[in-house]
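User: I am new to this structure and would like to learn how to read it. Please take me through it one feature at a time.

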Amino acid sequence: QVQLVESGGALVQAGGSLKLSCVASGSIFGINTRGWYRQAPGKQRELVARMDARSSPNYADFVKGRFTISRDNAKNTVYLQMNSLKPEDTAVYYCNADIRTRSWGTTANYWGRGTQVTVSS
């Protein structure tokens, strides 16, 4: 079975930086899209950044050039570099990926359990 595990969340002051990691493990035959989402208390889960199968990144407007998504295929890992953090960035950040778990067929979608990012003013 496939699992996604996020790490790197912490308490940081406004203006600081964090780098989140998401490692995929299990019966992985291929990974299509990779993405980061976040959810704050009382709010809907929202897209932060994602990469397609060609590693082309897409970002939410609120990132405003502050965040960068990247991946290391050899390590089955996707990263989110977060700079110039603001209090409104406080949320649980979730890793998401479409993964092919067999040598045939289509991909399935998986979520990590999340990592807490707290930005204080």
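**Strands, core and ring contacts**

Analyst: In strand β5, L47 is the bridge partner of Y37. Keep in mind that this is a predicted model. The bridge belongs to an antiparallel pairing of β4 (residues 30-39) with β5 (residues 46-51), which has five bridges.

User: What do β4 and β5 form, and how many residues lie between them?

Analyst: They form a hairpin with six residues between the strands. In its turn, G42 has a positive phi of about 80°.

User: How many bridges join β5 to β6?

Analyst: Three bridges join them, and the two strands run antiparallel, with β6 covering residues 57-59.

User: How do I read the two faces of a strand, taking β1 as the case?

Analyst: Side chains in a regular strand alternate between the two faces of the sheet. In β1 (residues 3-7), L4 and E6 make up the covered face. Q3, V5 and S7 make up the uncovered one. β1 pairs with β3 in the antiparallel sense over five bridges. V5 has V23 of β3 as its bridge partner.

User: Which residues touch the most other members of the largest nonpolar core?

Analyst: That core has 28 residues, and those with the most contacts to other members are L4, W36, V48, F67, L80, M82 and Y93. Two or more residues each come from β3 (18-25), β5, β7 (67-72), β8 (77-82), β9 (91-100) and β11 (115-120). β9 gives the largest share, five residues.

User: What is L80 in contact with, leaving aside its neighbours within four places in sequence?

Analyst: Its contacts include W36, V48, F67 and Y93. Also among them are L18, K19, L20, A49, T68 and I69.

User: Which cysteines does the disulfide join?

Analyst: A disulfide is a covalent bond between the sulfur atoms of two cysteines. The count here is one. C22 is joined to C95, with the sulfur atoms 2.1 Å apart. The link ties distant parts of the chain, from C22 in β3 to C95 in β9, 73 residues apart. It is left-handed, with -80° about the S-S bond. Both cysteines are buried.

User: How many aromatic pairs does a search of the whole structure find?

Analyst: It finds two. One of the pairs is Y94 with W111, which is edge-to-face: the centres are 6.5 Å apart and the planes are at 85°. Y94 sits in strand β9 and W111 in strand β10 (residues 108-111), 17 residues apart in the chain. Ring pairs link Y37, Y94 and W111 into a cluster.

User: Where does R45 lie relative to Y94, and where does its charged end sit relative to W111?

Analyst: R45 lies over the face of Y94, 3.8 Å from the ring centre. The charged end of R45 also sits over the ring of W111, at 4.7 Å from its centre.

Terms used
Residues are numbered from 1 along each chain as its sequence is written. This is a predicted model: local features need pLDDT of at least 70, side-chain atom pairs count only at pLDDT 80 or more; totals for chains, interfaces and linings use all residues. Side-chain values use heavy atoms; hydrogens and water are left out. Two strands pair if DSSP finds at least two bridges between them. Helices (H or I, at least four residues) and strands (E, at least two) are DSSP runs, numbered from the N terminus. A nonpolar core is a set of buried Ala, Val, Leu, Ile, Met, Phe, Trp, Tyr and Cys residues joined through side-chain atoms within 4.5 Å. Buried means under 20% relative accessible area, exposed over 50%, partly exposed in between (1.4 Å probe, protein chains only). Contact means heavy atoms within 4.5 Å. Rings of Phe, Tyr and Trp (its six-membered ring) pair if their centres lie within 6.5 Å; planes under 30 degrees apart count as stacked, over 60 as edge-to-face and the rest as tilted. A charge sits over a ring if NZ of Lys or CZ of Arg is within 6 Å of the ring centre and within 35 degrees of the ring normal. A disulfide is a pair of cysteine sulfur atoms within 2.5 Å.
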